[in-house]
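Me: Could you take a close look at one part of this model for me? I would like a connected account of a single residue and then of the sheet and cores elsewhere in the chain.

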Amino acid sequence: MDFKLKSKLTPTGDQPKAIKELVKNVKSGIPRQTLLGVTGSGKTFTMSNVIAQTQKPTLIISPNKTLAAQLYQEFKEFFPNNAVHYFVSYYDYYQPEAYIPQSDTYIEKDAKINETLDRLRHEAAQDVLSQKDVIVIASVSCIYNIGSPEEYQSATLHIKEGQEISRRDFLSNLTSLQYVRNDIDFKPGTFRVRGDIVEIFVVTGKEIVRVEFSSNTIYEISTTTDTLTPSYKKYVGMYNLYPAKFWITSEEKQKIALRNIKTELSERVAKLKKAGKNLEAERLTQRTNYDIEMIEESGYCHGIENYSSHMEFRKPGEPPFSLVDYFGKDSLIFIDESHLTLPQIRAMSAGDRARKQSLINFGFRLPSAVDNRPLTINEFFKRAPQIIYVSATPGELEEEESKSHVAQQLIRPTGLLEPSIKIRPTDSQIQDLIKEIKKSVVKKERTLVITLTKRLSEDITEYLTNEGINVQWLHSEIKTLERPVILEDFRRGTYDVLVGINLLREGLDLPEVALIAILDADKEGFLRNETTLIQTMGRAARHINGRVILYADSITGSMRSAMKEVTRRRKIQEDYNKKHNITPSPITKEITSWSLTSKEEIVTTEWGEVQDKKALEKEMRQAASNLDFERATILRDLIKNIKDDTTVEYGNNKFSKKGSPPVRKTKSTQLKNQA
């Protein structure tokens with residue numbers, strides 16, 4: 001399918017000129033260019049028009065998961081009939097493997113994988129390999145090694161009705177694809193067997209595939225997207241079953257790879273012993289042999305990515321495969337908020353190498369483990385055919401790479417001006433802030449409070465809660481999928497104030513925000529430099545009454561430069577409004593519910609995510625059909641407790657009924673209840 005942009009909006013202001021310039025350069029093969037657009041000028045809409053007019057598969061790299069989630073929602077609305085995906089790190093918690101020689105401390109890799117995010121990563125990769133009308137919004141995790149796209153695609157199992165294959169061989173193939181048999185807990189990435197029928201819950205979680213055998217032949221293939229009460233429909237044609245994991249290789253290649261790992265092990269052990277490092281040699285031997293045995297038995301082991309260079313037959317030092325490789329040469333990359341994203345890409349490789357080198361030196365990993373890494377920035381540039389940097393404050397690297405190819409969007413179609421700025425002393429700043437917040441609450445305006453530390457953001461949240469203000473903190477410790485829900489609640493008015501550090505800066509589209517309060521604005525540094533201050537102030541540029549209060553006892557160079565730039569941009573917009581007789585008008589943006597998964601999906605993996613009674617009844621029946629009577633009983637009791645009030649009680653827990661957002665047990669809500 002072609003990209004089809006759907007929107008009631010039409011390019012206005014300097015958007016048409018920017019779109020025309022960007023599209024012309026893409027079609028001319030210009031490798032690097034920049035879209036310099038002020039906050040509220042409609043950069044996302046411009047990006048969408050460029051995609052629609054160039055018809056290229058597109059990767060959009062965002063500096064953090066929160067902004068990526070917002071972009072995902074916006075592009076889903078602009079391209080409802082095309083494939084739009086969300087690709088971020090799938091860890092809710094991640095502690096990388098490390099060794100600290102000074103204290104002889106080994107830190108084992110510890111991670112909690114979010115299964116929903118894992119499924120979304122697979123869904124994105126599969127669509128990138130199978131179609132052209134695809135947009136992937138990713139965090140910088142997309143430059144990390146995820147395995148060869150050729151191996152991922154070649155390992156795909158193709159099945160069709162009438163195909164000659166025994167049920168036994170079919171199950172063996174499923175196991176090779178890293179699908180796990182589970183007749184009780186049926187979830188994405190598993191399969192179950194009932195006589196001559198095999199049901200596979202595909203790793204993306206989108207559907208269940210039922211394969212019925214007759215003798216040594218596939219009699220029928222059927223699918224269903226209703227994973228709670230399956231109602232299958234016959235599938236006609238070839239069905240492609242992609243692997244359940246990214247690191248996968250054929251049995252023949254795996255044997256060769258394991259022999260190469262053993263060869264490297266023997267060479268490394270000999271070198272360690274020659275250097276008198278017998279302890280390191282013994283440690284490395286035990287750990288590596290254990291991993292080899294696991295791979296031989298199951299095709300997988302914990303930390304298999306450390307052997308990825310062998311599995312992919314890459315030479316030492318050769319770059320790993322990342323999501324960028326899945327896109328290929330005829331694609332387009334947007335680097336959103338490039339002044340933040342590019343430094344992240346540049347820094348990742350060096351930090352990863354330093355950590356791995358310590359593990360290698362002390363016998364925890366083979367030297368080849370260093371090749372399981374993110375791309376360096378130069379490797380990324382070589383693999384990125386065409387890049388468009390997007391920022392209101394592009395850095396030196398973007399300017400150097402883009403040269404003279406810079407499209408500017410300094411005009412807001414709404415006529416809204418940059419916010420007014422006031423400086424107030426830090427003495428009694430919290431009391432002054434409370435007064436300003438209460439003025440905004442009366443006007444039904446929202447407030448962002450920017451602090452320097454997580455601890456301070458939580459403490460201020462607690463203090464404001466005790467003052468009777470509806471407030472929530474938002475920083476990196478909030479789980480990935482909870483952040484968009486909090487922002488949605490904030491827009492709806494559940495909270496009047498959000499308190500945070502970095503996540504409340506670049507790109508967030510919150511038109512209800514009228515007041516930005518920046519605490520300790522004179523603390524010169526990364527969090528209070530010119531770029532950061534301009535970006536933070538920009539969050540109030542979407543409101544007709546936008547204003548910024550800088551709490552500071554002195555005016556730093558960064559403050560002075562930021563205020564000068566904001567004033568310059570305000571003057572440009574004022575002149576444009578006067579010339580075209582434009583009266584600033586508020587931005588109206590529909591509040592859409594955040595959802596990455598189907599409503600019919602099983603949503604009670606954590607009791608805090610329970611949905612409505614109908615969904616519970618469906619899941620209860622499904623649990624009973626899977627012979628999971630304990631879960632079915634719990635669900636039955638929970639359904640009985642559903643009343644007509646706003647919450648459902650079960651034991652010591654409370655859950656929201658249909659139509660209400662889930663009750664989140666955050667610190668601020670607990671403090672609010674106490675107050």
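Reply: Happy to! In this predicted model, N577 is part of helix α18, which spans residues 557-579. Its relative accessibility is 8%, and because buried means under 20%, N577 counts as buried. Leaving aside residues up to four places away in sequence, N577 touches G415, L417, I582 and P584.

Now to the sheet. Six strands make up an open sheet with parallel pairing, and their order is β20-β25-β24-β21-β23-β22. At the edges are β20 (420-424) and β22 (471-474), each of which pairs on one side only. On average, neighbouring strands of this sheet are turned by 20° against each other, direction ignored.

Helix α14 (residues 429-442) lies across β20, β21 (446-450), β23, β24 (513-518) and β25 (547-551), and runs at about 170° to β25. Helix α16 (residues 483-492) lies across β21, β22, β23 and β24, at about 135° to β21.

Finally, the nonpolar cores. The largest holds 35 residues, and L59, V136, L323, Y326, I333 and F380 have the most contacts inside it. A second, separate core has 34 residues, including V23, V88, Y91 and A407. Back in the largest core, V136 touches T58, L59, I60, H85, F87, A124, V128, L323 and F327, again not counting residues up to four places away in sequence.

Notes
Residues are numbered from 1 along each chain as its sequence is written. This is a predicted model: local features need pLDDT of at least 70, side-chain atom pairs count only at pLDDT 80 or more; totals for chains, interfaces and linings use all residues. Side-chain values use heavy atoms; hydrogens and water are left out. Helices (H or I, at least four residues) and strands (E, at least two) are DSSP runs, numbered from the N terminus. Buried means under 20% relative accessible area, exposed over 50%, partly exposed in between (1.4 Å probe, protein chains only). Contact means heavy atoms within 4.5 Å. A nonpolar core is a set of buried Ala, Val, Leu, Ile, Met, Phe, Trp, Tyr and Cys residues joined through side-chain atoms within 4.5 Å. Two strands pair if DSSP finds at least two bridges between them. Axes are lines fitted to C-alpha atoms, for helices over the stretch in contact, and angles run from 0 to 180 degrees between N-to-C directions.
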